[in-house]
Every structure is written in structure tokens, then in C-alpha cells.
Amino acid sequence: MKQIVILASGSGSNAENIITYFKEKPLATVSAVLSNKHTAKVLDRCDRLEVPAFYFNKIAFTKSDAVVEALKSLQPDLIVLAGFLWKIPSNIIEAFPNKIINIHPALLPKYGGKGMYGAKVHQAVKENGETETGITIHYVNEHYDEGAIIFQSKTAVEPSDNPDSIAEKVHQLEYEHFPKVIEKLLI
Ligand code: GRF
């Protein structure tokens with residue numbers, strides 16, 4: 001059984017979707033979720049879904065080997081960032097080459113980089129009058145949103161769309177594709 005470890009900072013609806021998807025599959029399981037926010041809703045989801053979850057602070061993440069050692073002990077086949085907002089430090093990147101992936105709620109290289117997350121992405125897409133947006137699943141390197149692209153999927157942006165409706169369309173793409181892309185990477 002392959003081991004997936006998820007890092008998430010917020011609501012965790014993608015984390016829940018991935019956990020649920022792999023509960024039905026013999027291929028892999030989400031063995032743990034790690035969060036940098038102790039009030040993150042993803043931690044409540046893990047309670048309900050009976051998945052081990054851990055909180056860590058910025059010192060553990062960036063100024064020590066605490067998180068990298070915790071990750072190593074979990075022996076993940078894939079580390080999945082699902083709405084995780086901190087930049088991954090080089091000690092973690094180096095410990096897990098080609099084993100860390102992220103999902104970004106836009107068509108990179110557009111609308112990526114520091115500060116481009118959550119509603120800000122969808123607001124920028126709307127303000128620029130884009131006619132399409134989508135999702136990008138990519139490997140993680142030391143720079144925000146710049147690792148090699150694994151998968152993209154598009155959706156139309158209609159004139160009647162607002163940032164909330166764009167976010168909803170993008171979330172639907174994420175729920176549909178993210179678990180399947182993870183599955184393909186693990187086969
Ligand atoms: C998603 O839109 C994802 O693309 C982005 O952060 C959001 C997380 O949403 N990186 P949720 O916490 O999974 O609901």
C-alpha cells in the first residue's frame with residue numbers, strides 16, 4: 001500500500017476528497033495530514049475521517065529538521081500540498097525529490113507566485129477579463145508555483161461569472177482530477 005501525506009493550511013476540501021477517494025482503493029492511503037494552522041478546518045475533517053493529523057509551527061518547518069524528520073518517518077510515496085500556503089524549505093525538497101506535488105487554482109504560469117492564492121487568484125482572473133481558467137498540478141521546487149507541470153484542466157469564464165463562481169468551477173475541476181492524477185503518479 002502506497003502512502004500519501006497531505007499538507008494543508010485551510011479548509012481541506014481537497015484533502016477530504018483525496019482521503020475519501022483512496023479509502024475505496026487498495027493502491028494507496030492517506031496516512032497523515034500535516035497542517036501549519038492549528039485552527040484549520042482540515043484538522044476537524046481528519047477527526048471525522050479518522051486520519052492522523054499533526055500541527056507544526058514555523059520554527060519546526062523552517063528553522064529545524066523537525067518536520068522533515070516527521071515526514072521521513074511517515075515514509076511517504078507522495079507528499080501532496082492541498083491548499084498549503086508556506087513555501088517548502090530546501091531541506092524538505094532535497095529529502096523528497098520528485099515526490100512533492102501541489103495544486104494551483106489557475107492555469108500556470110499565469111496567476112502564480114507569492115501572494116497568488118485563494119480568492120486573489122480568481123479576482124485577478126476576473127479583473128483581467130480572462131475567458132478561461134483552470135487548475136494546474138505541478139511538482140514543487142524552491143520557487144512558488146514554478147515546478148514542472150504534470151496536469152492542467154480548463155474551464156470557461158463567462159461574463160456573468162464573479163470570483164466566487166469562478167472559485168466554484170475551479171474547485172469542481174480539482175475534485176474531479178486531483179485524486180486521479182495522484183493515482184496515476186503512484187501506479
Ligand atoms: C484550492 O483551490 C487549491 O487549488 C489551492 O488552495 C485551495 C484549497 O482549498 N491551492 P481546500 O482547502 O482544499 O478547500
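User: Which atom of the ligand does a backbone N or O atom of Asn 14 lie 2.8 Å from?

Analyst: An oxygen atom of the ligand. That is a polar contact, meaning a pair of N or O atoms within 3.5 Å; within protein, one must be able to donate a hydrogen and the other to accept it, and residues adjacent in sequence count only if both atoms are side-chain atoms. Before going on: this is a predicted model, where local features need pLDDT of at least 70, side-chain atom pairs count only at pLDDT 80 or more, and totals for chains, interfaces and linings use all residues. Residues are numbered from 1 along each chain as its sequence is written, and side-chain values use heavy atoms, with hydrogens and water left out.

User: Which polar backbone atoms are 2.7 Å from an oxygen atom of the ligand, and 3.0 Å from a nitrogen atom of the ligand?

Analyst: One belonging to Gly 12 for the oxygen, and one belonging to Ile 103 for the nitrogen.

User: Which residues are around the ligand?

Analyst: Ser 11, Gly 12, Ser 13, Asn 14, Gly 83, Ile 103, His 104, Pro 105, His 171 and Glu 174. Here a residue is near a molecule or strand if one of its heavy atoms lies within 4 Å of it.

User: On to helices. At what angle do α1 and α7 cross?

Analyst: Roughly 45°, with the axes of α1 (residues 13-23) and α7 (residues 163-186) coming within 10 Å. Helices (H or I, at least four residues) and strands (E, at least two) are DSSP runs, numbered from the N terminus. Axes are lines fitted to C-alpha atoms, for helices over the stretch in contact, and angles run from 0 to 180 degrees between N-to-C directions.

User: What do you call that arrangement of α1 and α7?

Analyst: Oblique, because angles under 35 degrees count as roughly parallel, over 145 as roughly antiparallel, 65 to 115 as roughly perpendicular and the rest as oblique.

User: Which residues of α1 and α7 meet?

Analyst: Contact means heavy atoms within 4.5 Å. From α1 there are Ser 13, Asn 14, Asn 17, Ile 18, Tyr 21 and Phe 22, and from α7 His 171, Glu 174, Tyr 175, Phe 178, Pro 179, Lys 180, Ile 182 and Glu 183.

User: What about α1 and α2, parallel or antiparallel?

Analyst: Roughly parallel. α1 packs with α2 (residues 41-49) at about 20°, and their axes are 9 Å apart. Ser 13, Ala 15, Glu 16, Ile 19, Thr 20 and Lys 23 of α1 touch Val 42, Arg 45, Arg 48 and Leu 49 of α2.

User: And how do α6 and α7 cross?

Analyst: At roughly 115°, the axes of α6 (residues 119-127) and α7 coming within 9 Å. His 122, Gln 123, Val 125 and Lys 126 of α6 make the contact with Pro 163, Ile 166, Ala 167 and Val 170 of α7.

User: Different topic. Which peptide bond is cis?

Analyst: The one from Leu 108 to Pro 109, with omega near 10°. Pro 109 sits in the loop between β5 (100-104) and α6.

User: What is phi of Asn 98 near?

Analyst: Near 55°, a positive value in a residue other than glycine. Most residues other than glycine have a negative phi, and most peptide bonds are trans. Asn 98 is found in the loop between α5 (90-95) and β5.
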